[in-house]
Protein chains: 2
Amino acid sequence: MITEPDSRQRIIASARDLIYSRSYADVGVAEICEQAAVKKGSFYHFFPSKQELSLAVIDDMRTLMEDQILIPAFARDIPPLQRLQRFVDNLYEFQRGTAGRLLGCPFGNLALEMATSDESIRRKLAEVFAGIQARFEHVLDEALSAGEIESSIDRPATAQAMLAYFEGVLMMAKTANDPEIIRKLASAFIQIRIPRMAG
Amino acid sequence: MITEPDSRQRIIASARDLIYSRSYADVGVAEICEQAAVKKGSFYHFFPSKQELSLAVIDDMRTLMEDQILIPAFARDIPPLQRLQRFVDNLYEFQRGTAGRLLGCPFGNLALEMATSDESIRRKLAEVFAGIQARFEHVLDEALSAGEIESSIDRPATAQAMLAYFEGVLMMAKTANDPEIIRKLASAFIQIRIPRMAG
DNA sequence: CCGGGCCTTTACCGACCGGTCTATTTTTAC
DNA sequence: GTAAAAATAGACCGGTCGGTAAAGGCCCGG
């Protein structure tokens, strides 16, 4: 049971956890309210619709991921490429710790379920991905300055490829329900390179 | 409107197209029946439940993918690694041609939506992925024989990494609704390598 | 011409869906 | 103290969900 003080945040947290562990469509408003210990009337006092709630949930997922994964992993206490390694290490630990069921990426899950059905959710998730990609790209910039990578690579494209790869790895791990796949496939993550286009 | 002769196959084809273009939960039995020009009674004559239908749909998707993508791409008329390149080229063309909306991978879509909710679907999709991975692995074997790759790589793991990568690429392309992402990120696909473990 | 599968048709079911409404309680501001 | 505003409660809505039941038509071997 969620125990956060104010109802609005409790609704978001409940919806976040339920949707992440199952899917958007499989979780109903009634169930969200029940887990948040809130009546339906309160729900619709704070959110005009389930879809609007889901946009707030994505925001909440995003700050959670930033604070708990991205910021710690990308701290500047170690060289750039080692930060990427730390990122996948942290991800592995997190995915291993979700109660028997490997849940994958909350954004990837929502993206494949909703992207073709709800345009505003699709756009929001595209922004989240762009934000993660920007962080990867920043690390690549610093890796270039540190002489860890060559200047011939297309850094934005490489950052996007890295993001794509670990999303795919999480999909494989989730489908097999086996976190060890993350470790097995991790080595290719920091090796991915997209060269700059010739023309 | 689906026009295949027998009702059972028409139901499967309708469900396949509807689920692929939206999601499992967003498509109801009534809508499937309508598009297949079949009454609900007939539906439940052929399938005991929507979930059982979805298992048949996955089988249908699989043979479709085999016939239209894998078999043509992996024909032995060109060297092994070039077949992988042809695979992504074909994939790009296919994803570009789906009526304005980029739909991604039908198995990846279902996997992220259903893997944590329905164990038998999760298992079936894991088998599909294993089948694709086996084909990649076979190509890598032939690439090794042809001297195109080194023997130090872990071929099963590399095949799985390739699968993960293109699933991730399709996720990025679907979320951005932009097929050009597939081309932009394609170069890393055949470059991915997982080295054999030291111990 | 008959009987029996196979398939189809149609009407129907209870449960649950997202969402609304109105009244009431609690909090805030002056 | 009081009134407005914010929040809560809970009954209620039409629609749709997956699924069922029973009867009727079709085609077949005999």
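Biologist: Which helices each supply at least two residues of the surface near DNA strand C?

Modeller: The model is a predicted one. Around DNA strand C there are 15 residues, and those that come nearest are G28(A), S49(A), K39(B), G41(B) and H45(B). Both chains are represented among the helices that each supply at least two residues: helix 2 (29-36) and helix 3 of chain A, together with helix 3 of chain B.

Biologist: Which helix gives the most to the surface near DNA strand C?

Modeller: By class, this surface divides into four nonpolar, seven polar and four charged residues. The most, four residues, is given by one element, helix 3 of chain B.

Biologist: Which helix provides the largest share of the surface near DNA strand D?

Modeller: DNA strand D is surrounded by 15 residues, the closest being S7(A), G41(A), H45(A), G28(B) and G41(B). Two or more residues come from helix 3 (40-46) of chain A and from helix 2 (29-36) and helix 3 (40-46) of chain B. The largest share is four residues, and its source is helix 3 of chain A.

Biologist: Why can the two copies be described by a symmetry axis, and which kind of axis is it?

Modeller: Chain B is superposed on chain A by a rotation of 180° with 0.0 Å of shift along the axis, at an RMSD of 0.0 Å. The two copies are therefore related as by a two-fold rotation axis.

Biologist: Which helix of chain B gives the most to the side that touches chain A?

Modeller: In the contact between the chains, 43 residues of chain B meet 43 residues of chain A. At least two residues each are supplied by helix 6 (106-114), helix 7 (119-145), helix 8 (155-176) and helix 9 (180-185) of chain B. This side of chain B has 22 nonpolar, 12 polar and nine charged residues. With 14 residues, the element that gives the most is helix 8 of chain B.

Biologist: Against which helices do the buried residues of helix 7 of chain B pack?

Modeller: Helix 7 of chain B has 27 residues and reaches 39 Å from first to last C-alpha, close to the 39 Å expected at 1.5 Å a residue. Its buried residues include I121(B), L125(B), F129(B), I132(B) and F136(B), as well as R122(B) and K124(B). Their partners lie in both chains: helix 8 (155-176) of chain A, together with helix 4 (50-73), helix 5 (80-96), helix 6 and helix 8 of chain B.

Biologist: Which residue with a positive phi follows helix 7 of chain B?

Modeller: The phi in question is near 75°. The residue that follows the helix is G147(B).

Terms used:
Residues numbered from 1 in each chain as written. Chains lettered and ligands numbered in written order. Predicted model: local features only at pLDDT ≥ 70, side-chain atom pairs only at ≥ 80, totals over all residues. Near = placed C-beta within 6 Å. Least-squares fit on C-alpha atoms with pLDDT ≥ 70 in both. Contact = placed C-beta atoms within 7 Å. Nonpolar A, V, L, I, M, F, W, Y, C, P; charged D, E, K, R; others polar. Expected span 1.5 Å × (residues − 1). Buried ≥ 20, exposed ≤ 12 C-beta atoms within 10 Å, placed from the backbone.
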